[in-house]
Amino acid sequence: MKTDDRCLPYAEEMKTCGYCAEGEYLAAFGIKICELDATKLYLFKEQSHRGRVIVASKLHVSEITALSDEERNAFFADVNRVAKALHAVFNPTKVNYGAYGDTGHHLHFHLVPKYAGDEFEWGGVFAMNPKRKFLSDSEYAELVQSCGKPLSGTQTGEGLVLNYRIRGSGNTN
């Protein structure tokens with residue numbers, strides 16, 4: 001995770017931030033897919049909306065206003081790139097975008113594919129964590145690969161660090 005003077009007020013928080021420290025803190029809610037120019041991409045483990053991901057800044061800042069114009073433009077270019085990949089892979093009717101951060105002060109966006117034929121939350125705001133649908137390790141691995149491939153510009157995912165490893169009896173229903 002990149003740090004500079006803007007991150008200093010959050011030095012203690014960064015030690016347990018899922019996006020900075022990763023490890024067990026990230027494992028509680030997500031799986032790292034890859035790193036892009038200005039962001040890291042994570043699969044959200046709760047998959048009531050197939051393909052839901054989080055795009056998190058590489059800088060530990062709380063507000064978009066803490067980024068320079070160049071950093072903000074790079075952040076949103078990555079969000080756009082991920083949204084295009086979600087459309088290509090999952091063909092959602094709409095992608096919803098959410099940026100909260102009331103309890104975790106790390107700039108990130110939830111990208112939530114929504115499907116008109118799916119009655120769950122269609123036409124409304126998505127729940128932060130409905131705790132309805134968790135997947136097996138092999139299903140998570142498949143989603144990580146599916147999301148990563150269009151971002152690499154190749155069919156094999158070359159050029160990205162695809163970080164998911166099956167851990168035996170890990171994340172099953």
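This is a predicted model: local features need pLDDT of at least 70, side-chain atom pairs count only at pLDDT 80 or more; totals for chains, interfaces and linings use all residues.
Leaving out residues up to four places away in sequence, Q47 touches R52, K133, L135 and L143. Now place Q47 in the fold: the residue sits in the loop that links β2 (39-44) to β3 (53-57). Is Q47 buried or exposed? Its relative accessibility is 3%, so Q47 counts as buried; the cut-off for buried is under 20%. Draw a distance from the side chain of Q47 to the backbone oxygen of R52: the value is 3.1 Å.

Stay in this loop and pick K45, which also lies between β2 and β3. K45 counts as buried because its relative accessibility is 10%, again under the 20% limit.

Five strands form an open sheet in the order β1-β2-β3-β5-β4, and the pairing is antiparallel. Which strands stand at the edges? They are β1 and β4 (94-98); each has a single partner strand, so one side of each has no neighbour in the sheet. Look along the sheet: on average, neighbouring strands are turned by 25 degrees against each other, direction ignored. Strands of a sheet pair through backbone hydrogen bonds.

Zoom in on β4 and β5. This antiparallel pair is joined over five bridges. Select V95 and look across to β5: P113 stands opposite.

Turn to α4. The helix lies across β1, β2 and β3. Its direction is at about 25 degrees to β1.

Now show the nonpolar side chains. The largest nonpolar core has 29 residues. Select I33, L41, L43, V53, V82 and L111 for those with the most contacts inside this core. Which elements give two or more residues to the core? They are β1 (30-35), β2, β3, α3 (69-90), β5 (108-114) and α4 (137-152). α3 gives the most, with seven residues.

Centre on V82. Setting aside neighbours within four places in sequence, V82 is in contact with L36, L41, V53, V55, L111 and L151.

For the last stop, leave the largest core.

Terms used: Residues are numbered from 1 along each chain as its sequence is written. Side-chain values use heavy atoms; hydrogens and water are left out. Helices (H or I, at least four residues) and strands (E, at least two) are DSSP runs, numbered from the N terminus. Buried means under 20% relative accessible area, exposed over 50%, partly exposed in between (1.4 Å probe, protein chains only). A polar contact is a pair of N or O atoms within 3.5 Å; within protein, one must be able to donate a hydrogen and the other to accept it, and residues adjacent in sequence count only if both atoms are side-chain atoms. Contact means heavy atoms within 4.5 Å. A nonpolar core is a set of buried Ala, Val, Leu, Ile, Met, Phe, Trp, Tyr and Cys residues joined through side-chain atoms within 4.5 Å. Two strands pair if DSSP finds at least two bridges between them. Axes are lines fitted to C-alpha atoms, for helices over the stretch in contact, and angles run from 0 to 180 degrees between N-to-C directions.
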